[in-house]
Amino acid sequence: MRVDKYLWCVRYYKTRTLATTACKKGQVRVNKDIVKPSRDVYPLDVVELRKNQINYRLTVNDIPESRVGAKLTDIYRTDTTPKEQFEAQELLKYSKDYYRKKGVGRPTKKDRRDIDDFTDDTNIDE
């Protein structure tokens, strides 16, 4: 089975087009080799893919006939992704919450009030 079709069948990508695009961008590796979307996958192959800044690693157990339900994906693959990958994603999520992106525009009314409260507190202390 083609690697893009396999990744779509075991629900790593929502559409087959997204799986094909990821292969073309070099985000998918089979046995540590960057592959094209048409590369065949066989049982016991190790597939590594990068999605949402997480490096997933999975071992192919069997080849499905077609797209399978979410509960049945464990029959066809074994997820061997290290736990550190998911922990790094959590840290990245927390760091994004506190910082305002550059070029977002003018401060909102709430931002302005927070700035005013901060500057008023510093003037009182002097």
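Two strands count as paired if DSSP finds at least two bridges between them. In this predicted model, strand 3 and strand 4 (residues 54-60) pass that mark with 6 bridges and run antiparallel. The hairpin they make has 2 residues between the strands, and asparagine 52 in this hairpin takes a positive phi near 55°. Further along the pairing, arginine 50 has asparagine 55 in strand 4 as its bridge partner.

Strand 3 (residues 46-51) also pairs with strand 1 (residues 28-30), here through 3 bridges and again in antiparallel fashion.

Read from the N terminus, their order is α-α-β-β-β-β-α-β-α-α. Of the 126 residues, 25% are buried. As for contacts between residues at least 6 apart in sequence, 40% join residues at least 24 apart.

Next come the charged side chains. Side chains of opposite charge can pair when their charged atoms come close. The count for this model is 6 salt bridges, and Arg2, Asp4 and Arg16 are linked in a network of them. Arginine 2 meets aspartate 4 with an N to O distance of 3.1 Å. Aspartate 4 also forms a salt bridge with arginine 16, where the closest N and O atoms are 3.7 Å apart. This second pair links distant parts of the chain, with aspartate 4 in helix 1 (residues 3-9) and arginine 16 in helix 2 (residues 16-24), 12 residues apart.

How exposed are the members of this network? Aspartate 4 has a relative accessible area of 1%, so it counts as buried. Arginine 2 sits at 32% relative accessibility and is therefore classed as partly exposed, and arginine 16, at 33%, is likewise partly exposed.

Elsewhere, aspartate 74 forms a salt bridge with arginine 77, the closest N and O atoms being 3.3 Å apart. Arginine 77 counts as buried because its relative accessible area is 14%, which is under the 20% cut-off.

Finally, the cysteines. Cysteine 9 is buried at a relative accessible area of 0%, and cysteine 23 is buried too, at 3%. The disulfide count comes to 0.

Methods:
Residues numbered from 1 in each chain as written. Predicted model: local features only at pLDDT ≥ 70, side-chain atom pairs only at ≥ 80, totals over all residues. Heavy atoms only, no water. Disulfide = S-S within 2.5 Å. Buried < 20%, exposed > 50% of the residue type's maximum accessible area, 1.4 Å probe, protein only. Helix = DSSP H or I, 4+ residues; strand = E, 2+ residues; numbered from the N terminus. Contact = heavy atoms within 4.5 Å. Salt bridge = Lys/Arg side-chain N within 4 Å of Asp/Glu carboxyl O.
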